[in-house]
Every structure is written in structure tokens, then in C-alpha cells.
Protein chains: 4
Amino acid sequence: MSKLKEKRRNQILIASLQAIAEKGFHSLTLQDIADYAGVSKGVTNYHFKNKEDVLRHLLEWVTDKIYENEYNAIQQEHTAIGKLTAYVEAAFSTPAENKRFFRVYIDFLGQVRHNSNFKEINDKFYDNCWSIGREIVSLGQEEGIFPSNMDIEKASISIRSLIDGCLIQWLMREQEDLHDYYKTICLETLIASLTNNNVVNQ
Amino acid sequence: MSKLKEKRRNQILIASLQAIAEKGFHSLTLQDIADYAGVSKGVTNYHFKNKEDVLRHLLEWVTDKIYENEYNAIQQEHTAIGKLTAYVEAAFSTPAENKRFFRVYIDFLGQVRHNSNFKEINDKFYDNCWSIGREIVSLGQEEGIFPSNMDIEKASISIRSLIDGCLIQWLMREQEDLHDYYKTICLETLIASLTNNNVVNQ
Amino acid sequence: MSKLKEKRRNQILIASLQAIAEKGFHSLTLQDIADYAGVSKGVTNYHFKNKEDVLRHLLEWVTDKIYENEYNAIQQEHTAIGKLTAYVEAAFSTPAENKRFFRVYIDFLGQVRHNSNFKEINDKFYDNCWSIGREIVSLGQEEGIFPSNMDIEKASISIRSLIDGCLIQWLMREQEDLHDYYKTICLETLIASLTNNNVVNQ
Amino acid sequence: MSKLKEKRRNQILIASLQAIAEKGFHSLTLQDIADYAGVSKGVTNYHFKNKEDVLRHLLEWVTDKIYENEYNAIQQEHTAIGKLTAYVEAAFSTPAENKRFFRVYIDFLGQVRHNSNFKEINDKFYDNCWSIGREIVSLGQEEGIFPSNMDIEKASISIRSLIDGCLIQWLMREQEDLHDYYKTICLETLIASLTNNNVVNQ
DNA sequence: GATGAATGAGCGTTCATTCAT
DNA sequence: GATGAATGAACGCTCATTCAT
């Protein structure tokens, strides 16, 4: 595929992201995408097989972006707590960024069970998230601040679950000023659960 | 409102629940509702203002059901751990029940930000959930198994976040056999985070 | 199916027939059908599965009408030549009627190879036509005016082929005044071929 | 027009013929033509005014090909029956060739009445066919095997009608193995009708 | 000469909503 | 109370045509 075509496709994906972020997943029309991209109605179908194809690529793009952002963040830190903090910071990002990306992601969740392509992409996203969790937990165990008998798989699953759960609850409440509050809750709860020596996650 | 009218409305709501559980939120048509309810197409519009009105009542009904179920469960227990366990057990319910109710609830989440009625209902649901959390955390502090300086508000928020996060991740993976696994992870993580004496949730 | 529904469906079929007769098969839109039927655009899809379903029923209706008309005509006569004459007369009908029905039929022919439903209906039409031919040829042989060793199958095929060939050529020339001329040619050629004692159709 | 231009136009016409033969007249797109011709999408509009212009030239090309083939065939023979046989042989050609050319021709028939250009081309084709018929009938009368009082115009019209009628019926049945059967029926019927001394075509 | 990205009118189809019965 | 026929706006999608390169 040519550079130009690739650029056009990205332009359409970004337009779709913006359109969904503002108008919502379910009311998204091809006309919306065209309008946000500043092109004509037919362009989307010219560059993508169909609307579902756009959404699939968008989900992949969004989850990749979220993961990359989080992955890069934890690489900057070299302690378990440092990485964990960076992870949560990256996941929460800023209120604006979060709405732009994570809100669109939530819209996709409802579609996962109706679209195996979406499910596949989400499964990959989970895999990526768990790998971040494993990296943090392993390091914490090496550092001796996390119990050595802690089940890494379980822990990484619970980390992502709590992050998603907190983000969703924050987003649903639509109070931007609670952003820091939820971020703190998320991080504190993670630290508490991971550093408990009466660990049950075994 | 007459008993008959009330009965008809419930019949329609249950039919809608079933229809969404099987066919999905976005492909739900009034014809579907009528088919599942075994009535004619016009009935829905006769008993509800419009489709959105049905969905609003359904969301209310579903969140009430989820809450009631969880509330009743914790009333059976009289220790913090007992109540917490009962809470998670009730939230996870059975795979089938969970799909029936929580999957529909996830479908609604994407709509919350576009519909203030939906948001209001979800806010009420959160309030209810937090009250369950508060009850458990308070009792745990009285029992002395949870740190006395733990922030009850934060703890109750984190409890619900983790439950929702775990449920969503489990549902998205579509592997029924992981139901117990996720339930265990959820409960163990909650206990670990709540019983940590190096508590940071303060 | 109720009487009323059946009536509506017929109304739509007749509207489609008229629309195709005037505007052509390929430019026919659901809006055209609605306009000709004097109803709204959605009606067609309410009473038929889709556009193709309308066309299928229309082809069946048209071929049935053509056959019935021809069948009834030959029942009025009791000699081979009388029946043959009646057959050709009925097939040519009047210029107006012929345009209304046979022109639409020609439009369908191009679709037969792309639609097995259409092919099935056309095959049935051919079967019906051949049965008329067989009846005439058998009677002619009994009367002794057609060679007794004439192959009835072949003869009935050639009869319908000539009728269709003449009708198509007449219709393509779009000279209404040639209607009688072509009808005469068709009948004379049929009689000539069927009464030739140096018969080769054996 | 330059040789190159002429060559390109022929390339496009042949590609169109192939595309229609395989995909059908109504689903033919300019993209199809480009694909079959192995050129880019814009080429067709560069060498032809528009799509209809391509089809017009294609119809002309196809009818000319059919006629030429038939004309050349009868020039090889020198008796009426020989020429008639050669005519029918040429018209039926082989199953594959017939599908390639005559099936496309049938697709055009439905358009004739909506496009005066198409009609003109078809009228010319009929003229050519009738001239073949006249040549055969005249020779047969000279040879004394066809009645001298036979109407040459009528006879030539009936000859082409039967040929087209038989070809269409054979094509519609989509049974390749009936090719010889229909060819035989066509020829035998023609001979029977033309050699009948009780001739009515007068 | 040739390309193929872009356009936008127009298609078939869906479906919430209305309303006569 | 209940029905379901009818409506028509709005959707995803196709494709002939245009035109900058």
C-alpha cells in the first residue's frame, strides 16, 4: 500500500475516532466520518471495505495506542512501584485524552460479543495489558516488596481489571474533577493488594 | 396505574432484556421486543412513550435487580468477609445469569454519556453499590480486620470498580469456564487490598 | 395470508408490471413501484421480502397469465388448425397487451441465467407451453393433417421457439402496424412446417 | 483515428464482451471492464464518451460478428439446403461461442426499446439477417425445391425468428447437451416450412 | 495518453413511529 | 386495549463520472 493511501486511511481513522468521541459509537454514520475528515461521503468506502472495516481498524488503532502509551510509560521506571505508578498514570492519562481514547474503547466493548474481529483485537489488547502486569509483578517479587508466592497471572488480571473498572466508573460519572481521585484510588488499591503479605492470590 | 398495565409493562421489559441478551443492544428493534413478548408491534408504543423510554425503564429494572440481588446476598451474612464473599458471589452469580443481566448492563454503559436519563439511573446504581461497600468496610473496621484508618468512600469505590472490571474482562473473553477463576481473583484481590495493614487507602 | 394482504401484493405486482412496461426492467426502483402503486416507499418491503422477491413473483404472475391466456384460447377450438390459430392469436394478443406482458417477459430473460428462481419459473413456463404444443400436434396427427411420424417433442419445442422468435422480432422493431404481419408469418410458418409430408421432424 | 486508439477501443470492447458474458449485463461496471482489459479505471472514459457509448459499440461489434460469421458460412455453400444448413450451423456455433456472443446479445434485447441507438443497431442486424434469408430462399426457388410462390420477405423473417427463438430457448434451459438437439430442431423445422408445397407463405 | 483518488447522486433496505380499525 | 399496515427519514453502499497529476 502506498504512503499516500496509508495516510488517507489514518486520516479517516482519526476522523472516526473524533466523531465517535463526540457523537458516540452508535450514531456514527459514514457521513459523519466524511464530515469530520473533510472529504466526501464516498471516500470511506473507497479506502475501506465497509464501515465495519473502518471500526475494526479503529479498535485496533485505539487499543494499540493505549497499550503503547502504557508500555512506554513503564519503561521509563525501574522499580515495581515506579512502574505501577507510571502504568496507572498512563492509563488515566489526562481527562481529555482519556475521553478521546478510553470512551471510544468502552463503546467498542458492547460490540465485542457480536463481532469476532473485535473480540480478537480486544483479546490481543488484554494480552498486552497482562504482559505489562506480569512485568511489574515479577519485578516486585524480585525486589521483595510483593509476596514471592503471589500468582503472577492472577495478579496481572486483577491489575487490568481494576484499572478498567476505575476508568469506566470515572468516565460514567462524568465529573472531570474526580480524575485524580479515581487515579489515586486505583493506584492505592493496587499497591495495597499487591503488597499484602497475607496474600491470598497464590 | 392499573395492575394490568403494570403487568404488561413488566412483560415488555423482560422481553426486551431477553432480546438484548440474545441479539444485542444495537440490533434491538421494537419488532424484536414484540416478538419476544408475544404481542403485536404496536404494544410497546402503547405502553411506553417510545423506544428510548423502554430502554430507560429496562436499565432501571436491570440495575435494580443486580443491586437487590447483591443487597439480599450480603444480608444473609454477618461478618465483613462473609458479606464481601457473598457480594462477589452475587455479583458473579452464574455464567448464564451474568450474561443475561450484566452483558445487557455493559451494552447500556456506552449509552450513558449520550443520555442523561441513563446516566441518572447508573449514578443511582453506583450509589447503591457504594452503600453495600460502605456497609462491608464499616463492619470490617468494627471487626478489626480492616484498618481503622481506611477511607470508606475510597474503599467502596474501589470494590465496585474491581467487581465491574473483573466481570467485564471475564465477559469479554467469552470463556465460561473462567467464571470461577475471575470470581476468585476478584474476591482475593479485594480481601488483599482491604486487609493490608500498610494501608494506603487513607 | 389474509385476503387484504393478498390484494396488496397483487396491487404491488401490477404496479411493478406497469412500471417495467413503461420504464424498463433495469431502471425499476422501489420508488417507482411505490409511485405506480400510489403508496409510500416502504410498502414494497413490507409486503415482500425484497425487490428480488417482487420480481420473482412478478415473473411467475406474468408467465402464468401468458400461459393461462393461451391455454384458455386453445380450449375454445377443437381442431388442430383451430387450436394452433387460437394459440398464435392468443400469444400475439393485441399490440398493447403484448407490450404490457411480453415485453416485460423479455426483460426477465436476461436475468434467468443470474437467478435460479427466475430460471425455475421460466422452465415451468416452457413446460406449460410445450404441453400446449403437444396437445395441438397430437390432435393434428389424430386428424391426419400432421404427419403421423412427426416427433411431438421436437414439434412442440419448435412451435414455442417460433412464437417467441416472432414476438421478439416484432417487439424489437417497434412498429405496431406489423403486428398482424408477424402474427400471420408465425401461423403460416407453423402450419407449413407441421403439415409437410416430407416431414423431417421424426 | 490512430491505429493505437482503434486497438485500445477494441481491447475495451472485447474486455466488455468477456465481462458481460461472465458477470452479466446489469452488473457490469466500468471497473469490471478495466479489470478485464488489464488497464486502469479511467481508460474507458478516455476512449469512449461514457458507459452507454461502450455498450453501443459493443452491441454493434457483437451483431456484426454474428452476422459476419453467418454470412461467411453460407458463402461456402452453393445449394439452398447447404446454405441453410450452414446458416443454422453458424448461428448455433459451439455452446461456448454461443454463450459468449448470443447471451450477450439477449442481454441487449431488453435495452433496445429504451435506447434508440441500440434499436438502430439491432435493426441493421435484422436487415443483415434477412438478406441472408433472402439469398437462401431465392436460391431455393431457383433450384425448384422451395415453392416459387413463397413470399421471400416473410420467409426470411420467419427464418431469423425461428433461429433466434430456438437459440433463446436453448440458452434459457442451460443444458449444454441440448445444443445439437435444438440445432437439429431449428434446421428441420426450417426445411419443413420452406419445402412445403402446400405453401401458405404467399 | 493514462491513472486512480475523489465525488455525490441514487439505490435497496431498515425500522421507529403513527393511526385507522 | 390492541393491532399491524403504512409511512418516510435515514442508513450503508455502489458506481459512473470527473479531474489533478
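Student: Is Lys124(C) buried, partly exposed or exposed?
Tutor: Lys124(C) is partly exposed, at 36% relative accessibility. Buried means under 20% relative accessible area, exposed over 50%, and partly exposed in between (1.4 Å probe, protein chains only). This is a predicted model, where local features need pLDDT of at least 70, side-chain atom pairs count only at pLDDT 80 or more, and totals for chains, interfaces and linings use all residues. Side-chain values use heavy atoms, without hydrogens and water.

Student: Which side chain meets Lys124(C) in a salt bridge?
Tutor: Asp64(C), at 3.6 Å, N to O. A salt bridge is a side-chain nitrogen of Lys or Arg within 4 Å of a carboxyl oxygen of Asp or Glu.

Student: What does that pair tie together?
Tutor: Asp64(C) sits in helix H4 (residues 51-75) of chain C and Lys124(C) in helix H7 (residues 116-143), so parts 60 residues apart in sequence are joined. Helices are DSSP runs (H or I, at least four residues), numbered from the N terminus. Asp64(C) is partly exposed too, at 24%.

Student: New topic. Are Asp164(C) and Arg160(C) buried or exposed?
Tutor: Both are buried. Their side chains form a salt bridge at 3.0 Å, N to O.

Student: Where do Asp164(C) and Arg160(C) lie?
Tutor: In helix H8 (residues 152-173) of chain C, four residues apart, about one helical turn.

Student: Over to chain D. What does Glu153(D) pair with?
Tutor: Arg134(D), with the closest N and O atoms 3.4 Å apart.

Student: How many salt bridges are there over all chains?
Tutor: The search of the whole structure finds 64.

Terms used
Residues numbered from 1 in each chain as written. Chains lettered and ligands numbered in written order. Helix = DSSP H or I, 4+ residues; strand = E, 2+ residues; numbered from the N terminus.
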